[in-house]
Amino acid sequence: MNIDTRLALLQAFTHGESYGLEIIERVKKLTNGKISIVQGRVYPALRQLEAEGLLESYDGPPLPERNGRPRRYYRITAAGERAARQDARALFRLLKPALGVVA
Amino acid sequence: MAWHAEPTLTAGVVYEIAGLRFRFWGRILGSPDVLLEDVYGQVKAMDREIFAHAYPLLASDAAEFFEEQQRCHKRKRRVQSVLEAWTAVLPPRILNEDFGDWVEDLNRRLARGQKWLVWLRVCACVFWTVVNSIGYIAGKARRDRRAI
């Protein structure tokens, strides 16, 4: 998983729980279309974040629009929120000169 | 009303003026005839003249709409038969999560009437579910070996 996918996913999950297809749309919307995650690559990234303890997941009810399969919902954990805040702070420090923010 | 005499009165304008919900009814009712009869029954008496005037347009539009619906159904059946054959070899986690999302996305696209793009997405679905299944199985085997 590259750094911008990880960063984008964690920041997107701070807005609430979601599932693969929806989180792709959320990332696109939050970044004004600047970051677009390929559908096939989002699932390994989500599973990796789950394995690292930054996300947790559960199965929703089976849905007819998925031919009776459940959606796998993910939500951010406390460790995930901490990591998201740290990432945001690091990114902010990096972008501060470009944003014209005086320390 | 002045627009009665409009020579270029379209079916779309008639739907709007008579407050019809053509597409909504089309989904509930089974054929163009039943649809048009039902629409006629719900049109106010004063608007029936307009309806009669636009009937040929409505009839051809309804027929076209139902043909497109039938084509959509056929396409959906074909896509689903290709995909369902594929599900036998996928691990359950990939089947519910990755594959389920692909199916949901494909169903949305089919409902929007997309054609070639749907088949491209089917190919992408097969490709990515294979890649992710290999990654998932390898990762699981690695974790299991570490646990031993």
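In chain A, residues 24 or more positions apart account for 46% of the contacts with a separation of 6 or more, a contact being defined by heavy atoms within 4.5 Å. The model is a predicted one, in which local features need pLDDT of at least 70 and side-chain atom pairs count only at pLDDT 80 or more, whereas totals for chains, interfaces and linings use all residues; side-chain values use heavy atoms, with hydrogens and water left out. Residues are numbered from 1 along each chain as its sequence is written, and chains are lettered from A and ligands numbered from 1 in the order in which they are written.

The secondary structure of chain A comprises 4 helices and 2 strands, which follow one another from the N terminus in the order α-α-α-β-β-α; helices (H or I, at least four residues) and strands (E, at least two) are DSSP runs, numbered from the N terminus. The C-alpha trace of this chain spans about 55 × 25 × 20 Å along its principal axes. Of its 103 residues, 41% count as buried, where buried means under 20% relative accessible area, exposed over 50%, and partly exposed in between, computed with a 1.4 Å probe and protein chains only. Chain A exposes about 5800 Å², of which carbon and sulfur atoms supply 54%; accessible areas come from the Shrake-Rupley method with a 1.4 Å probe, and for residues only the protein chains shown count as cover. The mean positions of the 17 positive and 11 negative charges of chain A are 5 Å apart, with Lys and Arg counted as positive, Asp and Glu as negative, and His and the chain ends not counted. The place of a charge is taken as NZ of Lys, CZ of Arg, CG of Asp or CD of Glu.

Over all chains, a search of the whole structure finds 17 salt bridges, each requiring a side-chain nitrogen of Lys or Arg within 4 Å of a carboxyl oxygen of Asp or Glu. One of them joins the side chains of A:Arg75 and A:Glu17 at 3.7 Å, N to O. Because A:Arg75 lies in strand β2 (residues 69–76) of chain A and A:Glu17 in the loop between α1 (3–13) and α2 (20–30), this pair ties together parts that are 58 residues apart in sequence. A:Arg75 is partly exposed, with a relative accessible area of 34%, and A:Glu17 is likewise partly exposed at 34%.

A salt bridge between B:Arg93 and A:Glu50 has an N to O distance of 3.0 Å; this pair crosses between chains, from helix α5 (residues 92–111) of chain B to helix α3 (residues 39–51) of chain A. B:Arg93 counts as buried at 18% relative accessibility, whereas A:Glu50 is partly exposed at 22%. Within chain B, the side chains of B:Asp105 and B:Arg121 meet in a salt bridge at 2.7 Å, N to O. B:Asp105 lies in helix α5 and B:Arg121 in helix α6, so the pair ties together parts that are 16 residues apart in sequence; B:Asp105 is buried, with a relative accessibility of 7%. Salt bridges that share partners also join A:Glu65, A:Arg66, A:Arg71, B:Asp101, B:Glu104 and B:Arg108 into one network.

A positive surface patch is formed by B:Lys140, B:Arg142, B:Arg143, B:Arg145 and B:Arg146. Patches are made of residues with over 30% relative accessible area and no salt bridge, like charges being joined within 9 Å and nonpolar side chains (Val, Leu, Ile, Met, Phe, Trp, Tyr) within 5 Å. B:Lys140 is placed in helix α6 (residues 116–147) of chain B and is partly exposed at 39% relative accessibility. B:Arg142 is also placed in helix α6 and is partly exposed, with a relative accessible area of 48%.
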